[in-house]
Amino acid sequence: MIARLDDGGRPVRASWRSYLRRDWIFTLAVALFVGIIVWFGRSVHDFFVPTTATLSVPTFIGQTVGDASSEAYHAGLRTQVAARQISDRYPRDVVMDQQPPPGARVRKGRQISFIVSTGVQINAMPDLRYQSMREAGLDLSRLHLQLSATKYVQSDEVPPNHIVDQDPAPLSNVREGTPVTLTVSKGGASQLLVPNFVGETIDSARDDAARSKIHLGQLVWMPLGASGPPHGTIVRQTPSAGSKVDAFTPVSLEVSAGPHESGYILRQVHLLASVPADQSSDKPVRVRVTVTDATGKWNLYDAYAQPGQKLDFNVSALGTSLVDFFVNDALVAESRLGAEPPNAYEHRGPSSPAPRASAKP
């Protein structure tokens with residue numbers, strides 16, 4: 001430090017104003033520093049330790065979201081739905097958990113987070129049999145069911161990668177998240193040799209097919225007139241004898257209606273119908289299946305069924321025939337079983353007996 005000197009070489013003292021100015025600046029800096037430290041400490045303290053102006057968090061668990069939000073508002077608290085979860089204890093839209101918990105001390109204006117129940121949706125288990133794995137997966141996803149296990153078995157009736165069986169069973173009551181086990185076909189024997197059914201009776205053909213693991217498909221009863229073979233005799237088959245087919249490939253048979261039947265073809269068909277699934281409701285619907293053939297129009301099925309339910313029918317129809325599928329009196333599907341050939345009545349003479357109608361299922 002270099003001091004100022006007067007004309008005689010003696011040091012000159014600094015003026016009192018200079019010292020005063022430097023002391024004031026130092027004091028102000030110290031005061032500002034202390035104020036910042038106090039403010040920061042108070043802020044940290046208030047953050048971790050609420051002030052005396054706190055309130056106890058009420059219990060919102062068990063209340064509906066609307067009631068809980070209203071009570072929180074009047075208590076000076078804010079609310080937010082943090083998550084929604086499935087619960088078999090709390091109904092839909094009821095608070096099942098909260099944060100902070102009941103009884104905690106918080107400042108006014110604090111936000112309370114709610115965990116709200118979505119309830120448990122009870123549905124009828126869809127009938128997945130004969131569906132492909134993709135179709136079954138879509139049905140399970142739609143109802144929020146969980147595919148937990150898949151078993152593969154050989155099947156002579158169901159094509160590969162299609163459902164053979166299921167657990168839970170069709171139409172049983174299931175909740176969202178229920179685990180489902182599917183039994184899936186991996187096909188039957190690689191190739192089967194088709195026996196010769198021509199000339200056999202229909203009963204013998206069924207026995208031979210069972211022994212050979214051949215699946216019989218459509219049976220068409222043919223009116224072959226007076227020169228035709230006896231009633232129930234196989235006259236033609238498709239595929240032909242000696243062909244190699246998969247185990248689930250059906251073999252169709254044409255059967256003689258007998259020498260006293262002419263003019264109409266009697267068809268016996270197996271039908272598998274699925275009740276359309278309704279996304280908005282799982283209530284039973286009225287299903288009516290009608291058959292129109294040479295004997296007139298009659299109901300094959302008239303009852304209530306669950307959406308997604310599968311219905312199996314063995315239909316016997318005479319002549320040109322149609323099957324109509326109604327849901328709640330609305331036509332949803334129509335299937336033609338067969339049409340009478342143009343010359344169907346040429347073999348029928350004046351003395352020939354009238355055609356006998358098949359027995360209704």
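Predicted model: local features only at pLDDT ≥ 70, side-chain atom pairs only at ≥ 80, totals over all residues.
Local features need pLDDT of at least 70 and side-chain atom pairs count only at pLDDT 80 or more, while totals for chains, interfaces and linings use all residues. Residues are numbered from 1 along each chain as its sequence is written, and side-chain values use heavy atoms, with hydrogens and water left out.

Helix α3 spans residues 133-142 (helices are DSSP runs of H or I, at least four residues; strands are runs of E, at least two; both are numbered from the N terminus). Its buried residues are Ala136, Asp139 and Leu140 (buried, under 20% relative accessible area; exposed, over 50%; 1.4 Å probe, protein chains only). Just after α3, histidine 144 has a positive phi of about 60 degrees.

Glutamine 131 sits in the loop between β6 and α3. It counts as buried, because its relative accessibility is 13%. Leaving aside residues up to four places away in sequence, glutamine 131 touches Ala136, Asp139, Asn161, His162, Ile163 and Lys310 (contact, heavy atoms within 4.5 Å).

Elsewhere, the lining of the largest pocket draws at least two residues from each of α4, β12, β16 and β19.
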